[in-house]
Amino acid sequence: MCDTNSGTSLKWNLTGVTVAGTNSNGANANQLHAPGFIYVDANYTLYVCDSNNNRVQKWTKGASTGTTVAGSISGSNGNSATLLQNPIGIDFDANGYMYIADYGNNRVQRFPPNSNSSTSGTTVAGIAGGGGSTNSLLHQPADVKIDDNFNLFITDLANKRVVKWAANATNGTVLINAGTGGAAQNQFNAPYGLVLTSASLNEVYFGDNTQRLAYLWAFEAANPITTYSTANSLQMDHPSQMMLDSYGNLYVADTNQKRVIMFCANSTIGQVVVGTGTSSTPTFGSPTGIAFDSDLNLYVSDDNLNQVVKYSLL
């Protein structure tokens, strides 16, 4: 595996421990249904976009049940300020506000710290209801990230583009466009997981759900800087959530190949961390979300097993 700055190789215990969900779908507090992307904060609290339950669940360290912090406790969908529809992406700003890519409602919702199922979200990008391709609209936003200046970056999947929304803006700016007339026209089809780079303000990593690739791409460019495709001679299939660690290594939840891949900094040769090609347990069904805690323990959500599993750093 990749080395740290001190020369230590990064490896994880291959025996996973379930930290959220029960391996059966449902809308009870101890259950998940097709969990999407995840986030772990500095207090080891896990947040899960519980996609098919149309809610976001918070699991404190060691908890056996989750608490709904956005959307309906019962799993009902809707486009009101308190409801969600198939949320996928999640991020937090420096003030503790939570941002959710509300995929089915074509918007990004912001929720204040300590929110619950009754808390109204504020639409900060897009408009609830039918999606569109104008700069004020989104169409199936998959992931959202926020930078230190409170700019939002969004993979606008059905519009084949990555967009930026400045704080309090009513319109977005198209940064990378594979749609008709875009600089990268037809170069990718379904931008999904998104990662902001630590070294540059004008490029991002993102995965293409349908073309089985991930990229490092500069804003307004026609072609990627770097393309990531394989690990263990097996091409990715449905790359989902992506992460960077503090050493600059890139991680991808390779959903249909049932594994998590690591690309060491400055390398396009993937290595399998957990899943297919290793002896890790449990056997993945459909790993979708990945996150690290402050100790670099790895968390993986599986939208087929309806759970989140933790792999401890060795």
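The model is predicted: local features need pLDDT of at least 70, side-chain atom pairs count only at pLDDT 80 or more, and totals for chains, interfaces and linings use all residues. Residues are numbered from 1 along each chain as its sequence is written, and side-chain values use heavy atoms, without hydrogens and water.

**Exercise 1.** Describe the largest pocket and its lining.

*Solution.* Begin with the term: on a 1 Å grid over the protein atoms alone, a pocket is an open set of points where a 1.4 Å probe fits, with protein on both sides within 12 Å along at least five of seven lines, and lining residues have an atom within 4 Å of a point. Next, take the volume, the space filled by probe spheres set on points joined across faces, edges and corners: about 1000 Å³. The lining holds 36 residues, with Asp91, Lys145, Ile146, Val195 and Leu196 nearest the centre. Strand 20 (239-244), a DSSP run of E of at least two residues, gives the largest share, 4 residues.

**Exercise 2.** Explain where the largest pocket lies relative to the domains.

*Solution.* Domain bounds come from an automatic or database assignment. Because domain 1 (33-177) and domain 2 (191-293) both contribute lining residues, the largest pocket lies between them.

**Exercise 3.** Characterise the second largest pocket.

*Solution.* Its volume is about 280 Å³. Of its 17 lining residues, Tyr205, Tyr228, Gly248, Ala265 and Asn266 lie nearest the centre. Strand 15 and strand 17 (226-228) are the elements giving two or more residues to this lining.
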